Amino acid sequence: MASSTKYTSIVFDLGDVLFRWSAETKTSVSPKLLRSILSSPTWFEYERGRLSEQECYDRVGEDFHVLPSEIRKALDQARDSLVASHGLIQLIRELKEESKGALRVYAMSNISLPDWDVLKTKPADWSIFDEIFTSGAAGERKPNLGFYRHVISATGVDPRTTIFVDDKHENVLSARSLGFHGIVFDNEEAVRRALRNLIGDPAARGRSYLQTNAKNLHSVTANTEKQPAIILHENFAQLLILEATNDRDLVNLVEHERAWNFFHHGKGVLTTEQFPFDVDTTSVAFTVLKRDKALANSVMDDMLQYVDKDGIMQTYFDHTRPRFDPIVCVNALTLFYMHGRGGELSKTLQWVYEVLLNRAYVDGTRYYKHAECFLYCISRLLAASGDPDLHAQLKPLLKTRVQECIGAEGDALQLAMRIIVCEFVGIRDEIDLRALLPLQCEDGSWETGWVYKYGSTGLLIGNKGLTTALAVKAVEALSHPIVHFTPPSPTLTVVQPPSPTEKRSSMFSHKRQRSSSFKNSFQWLWHGGKMRKSVEISS
């Protein structure tokens, strides 16, 4: 099912990719006219080496009614403006070093031999290239397929394991038609990210980011017109990072002996200054840290004092703040079921089941931004308890609900949660993995995903560290092609993405120590947009 594709070569264009230049000159040749000259049939013949420099200037002068001497001046000034993109060249050098010599790098440029003689004198680290191919020497130019075939023949590269980077769409299209993984150079930052994501190990890079930023994986609020973004020192995301990584050195917790507070030291930010202790953070803390059973039971006894007349667990240890949220209820149930006391919250469980059954969570909850948070916490509940009745009641429905989400739009946190929940219920969500991988940043992180929000204002709170930790976990979950299944007789189900003419039935249709073999196991997801699917094996 999965390919072992690993990219071993990169082919770069030179002009407008690794070298920048200006069409502004101190001549009568305007930038527009200069670009027209460089796109003319005469210039193409010159780039193929079929015309001398003077022959080219004479013909172009006739074609565009400009003195050949003026054209020469304009082109000389354009050549003088050439500057190497040293940052991108440094990245290529790093990628080669990290590959320990396995990565081969080539240049393939539409450039005449006289212009190449000028370009190669420009200050740049030319040693990064294993070989450079020019249209002037090859007698062919992009996007003509002959030039690509010439490079393939001369280097022996396999297009299926080779990345091609060019600023012209038509050049990339030709490369893709021969099997290359094509990247259109639109801006340097995007290309740097794409190269890192294609060549590097995403999980290793994610873990490196977390370790580099250990103890500083703080939450932030969204930046709005009324409220600039600020850093929040809170416990909840730290606990989830700890649970995802099992690395205490990464997180910054302010621990409490009994009930826990969302904020460090209980001092509210952008809300009540003396913020009450809450059931949500307390439940997650006792679940993740696995405190003494007697103490846990004592805290759960306290929690039962905050169940309302409908049998629903409340959010705060404060009778003056009657609030409830289905995700808070799920996290409380996780603690109770972990200690064999789930039956004491039977009405809370029934309500959670009804929320899941009737999709009441699809637009998020009072305190949580996305539907995936609810589904993720349900999976935590089931993972924490082996209670067969609980699994029989929730797991089949959870499986159905998360399958409805596959392929919907979402940020990196939503995608990661979705993949993790799918893996828990026996579905390989390779569709969302394909969407998640390109979102990794150059530093190895994934951008901040919005987890929860202030109940009164709706101001969002996110955490890049948590998003990255869950993204790493999601990537690792799909790093092996073998799908877990329950005996006796597995049945293979392939879930294909809908065709453009197919109407989505999903309720979300309104949205849109590891070896190198670890990366190889999902590298195929990048290749040409092929085989985009989810696979489920179940009894």
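Residues are numbered from 1 along each chain as its sequence is written, and side-chain values use heavy atoms, with hydrogens and water left out. Because the model is predicted, local features need pLDDT of at least 70 and side-chain atom pairs count only at pLDDT 80 or more, while totals for chains, interfaces and linings use all residues.

**Lys 142**

Lys 142 sits in the loop between helix H7 (135-138) and helix H8 (145-155); helices are DSSP runs of H or I with at least four residues, numbered from the N terminus. With a relative accessible area of 1%, Lys 142 is buried. Buried means under 20% relative accessible area, exposed over 50%, and partly exposed in between, with a 1.4 Å probe and protein chains only. The side chain of Lys 142 reaches the backbone oxygen of Met 108 at 2.7 Å. It also makes a polar contact with the side chain of Asp 166 (2.7 Å). A polar contact is a pair of N or O atoms within 3.5 Å; within protein, one must be able to donate a hydrogen and the other to accept it, and residues adjacent in sequence count only if both atoms are side-chain atoms.

**Helix H13**

At the start of H13, a side-chain oxygen of Asp 278 comes within 3.2 Å of the backbone nitrogen of Asp 280. Just after H13, Lys 290 has a positive phi of about 50°.

**The largest cavity**

Phe 236, Tyr 368 and Cys 377 are among the residues that line the largest cavity. A cavity is a set of points on a 1 Å grid over the protein atoms alone where a 1.4 Å probe fits but cannot get out, and lining residues have an atom within 4 Å of a point. H17 gives the most to this lining, with three residues.

**Cysteines**

A search of the whole structure finds zero disulfides, a disulfide being a pair of cysteine sulfur atoms within 2.5 Å.

| Cysteine | Closest cysteine sulfur | Distance |
|---|---|---|
| Cys 377 | Cys 373 | 6.7 Å |
| Cys 422 | Cys 405 | 7.8 Å |

For Cys 377, the distance is too far for a bond. Cys 377 is buried at 8% relative accessibility, and Cys 422 is buried at 0%.

Notes
Helices (H or I, at least four residues) and strands (E, at least two) are DSSP runs, numbered from the N terminus. On a 1 Å grid over the protein atoms alone, a cavity is a set of points where a 1.4 Å probe fits but cannot get out, and a pocket is an open set with protein on both sides within 12 Å along at least five of seven lines; lining residues have an atom within 4 Å of a point.
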